[in-house]
Amino acid sequence: MNTPDLTRRSVLLGGAGLATAFALAACTGGPNLLTATSAPVTAAERARRRTGRTTRVQLTAGKTNIDLAARTASTWAYNGQVPGPTIRATAGDAIRAHVTNHLPDDTTVHWHGIALRNDMDGVPPITQHAIAPGSSFDYEFTADAPGTYWYHPHVGPQLDRGLQGPLIVEDPHEPLGYDHDWVLVLDDWLDGVTATPDQVLAELKKGMSMGGMGGMGGGMGGGAPSRNGKLLTGTTSSLLGGDSGDVYYPYYLINGRPAEDPATFTAKPGQRVRLRIINAGGDTAFRFSVGGHRLTVTHTDGYPVNPVTGDSILLGMGERYDAIITVADGAFPIVADAVGKAARAFAVLRSNPGSPAPTVNGYTASDTSPVTAAVLSAPPAAALRRRGIDRRIDIALTGGMMKYDWGINGKAFDMNNPLDGAYAVREGERVQVTIANQTMMWHPFHIHGHTFQLDGGPRKDTAIVLPHQSLTVLFDADNPGLWMTHCHNIYHAESGMMAVLGYEQS
Ligand SMILES: [Cu+2]
């Protein structure tokens, strides 16, 4: 499928020309669903509120080395940095990203959380042809909703390398007042240290019976988690209902920095700071806190919430939370505990140059419950308007660690036959989705191209579903195209916990 001919055409015609040719070819003969380049996709883009300005960015995906205090790790990253460059635009701007692939593998860029035109969503082969090594692709789309988003590839487990970065869409009428706006990217790191993500996925796919993975990771009473080669066994968290993760990471990072060489943020006592916290991890939930400070949560996944103040925030992979702090006088630990993994990411907040530096283990997070989506609600500006439900979709999350057969409705997604098992909606419908987690493990569930509302809760695009529990969400089918819906544990997704949600042709 990845012919040199098409690659050359992508350069000559630009990305849209290629996407048209490919998506039409790929989806012929599938269910009666609109393709990524159909007229309704273009019409939806034309209807977006636009400023007429364009934010331009160049992203080069390539090999690089990153410095992890006592060692160097070779990895793949954007523009040679981890995280990739922070893209800042204003709501309604067009974002034009020229992406060049210097990797030895195909890649794409997915703009996580943005309700954008489908042919720019970065999911090969359904929304575009993958960007082949040595070629480039121009993404151009309107980002019309302000908020904290991020970008990463949608090819294999590439996001568990260094290929990820923040995308901040600012509100031209920002109602919050603050003195600083800091982005904190939380990450679990293994690439170039213990293995590559592809090697980890291969190990996981052997399953528990073959891989000698030891006891059930979900044991609630168990002791400390223990490393078993590339994997981690015996993780457990009451916050996540059991097994919290199965991959061993030697480092946990905040903005690409390990605890031994932490990032330092400086402010003046009394200043208000907006923290934009992104969980860019592959297999780790983080519990985020700032020593000596209360966090007032103002947004999740880009959208405002009725503010809630707490001591910590729980973030699954792919989730974002914004919080305001009022800076105290001193030097304080910024901590992201890798939930259930007995390890943490660490950075420093300093407002007094004379205060002694905090240390990574000199701080214990409060044992009060963290802020989660379950305690948040949407203000009127973010809530969906009341109306009847036109369509109900049931999604069962299935599989387990034993066979590593994660799937949806008992089926492993097949990217070679992506529309098999696809869910269909119709433009204009109010859709209710019930995600039933039939497994023994938690899953952060993500829907592309839409921001749903949790039943009575906040607007989100990625939400934690605990083991043996269901989550009901609502969304308006207002962005036609073919959209992935999947677990954001990259290893679960890659082993099959993905499906396509498409729009019927009318
Ligand atoms: Cu999962």
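The legends below describe close-up views of a predicted model. Local features are reported at pLDDT of at least 70 and side-chain atom pairs only at pLDDT 80 or more, while totals for chains, interfaces and linings use all residues. Residues are numbered from 1 along each chain as its sequence is written, and side-chain values use heavy atoms, with hydrogens and water left out.

View 1. The copper ion has as protein donors His443 (ND1), Cys487 (SG) and His492 (ND1), which lie 2.0 to 2.1 Å from it; donors are N, O and S atoms within 2.8 Å of the metal (3.2 Å for Na, K and Ca), and sites may look incomplete because water is not among the atoms. Along the sequence, the spacing of these donor residues is H-x43-C-x4-H. Because His443 belongs to strand β26 (residues 443-447) and His492 to helix α6 (residues 490-495), the pair ties together parts that are 49 residues apart in sequence. Helices (H or I, at least four residues) and strands (E, at least two) are DSSP runs, numbered from the N terminus. His443 is buried, at a relative accessible area of 0%, and His492 is likewise buried at 0%, where buried means under 20% relative accessible area (1.4 Å probe, protein chains only).

**View 2. An open sheet of five strands.** The strands follow the order β24-β32-β31-β26-β29, with mixed pairing, and two strands pair if DSSP finds at least two bridges between them. At the edges stand β24 (423-425) and β29 (462-465), each of which pairs on one side only. Strands β31 (residues 482-487) and β32 (residues 498-503) run antiparallel and are joined by five bridges, with Thr485 opposite Ala499 in β32.

**View 3. An open sheet of four strands.** Here the order is β3-β8-β7-β5, again with mixed pairing. Because the edge strands β3 (87-90) and β5 (110-112) each have a single partner strand, one side of each is left without a neighbour in the sheet. Between β3 and strand β8 (residues 165-170) the pairing is parallel, over four bridges, and Ala89 stands opposite Val169 in β8.

**View 4. Residue classes in the lining of the largest pocket.** The lining residues comprise 20 nonpolar, eight polar and eleven charged, where Ala, Val, Leu, Ile, Met, Phe, Trp, Tyr, Cys and Pro count as nonpolar, Asp, Glu, Lys and Arg as charged, and the others, Gly among them, as polar.

Conventions. Buried < 20%, exposed > 50% of the residue type's maximum accessible area, 1.4 Å probe, protein only.
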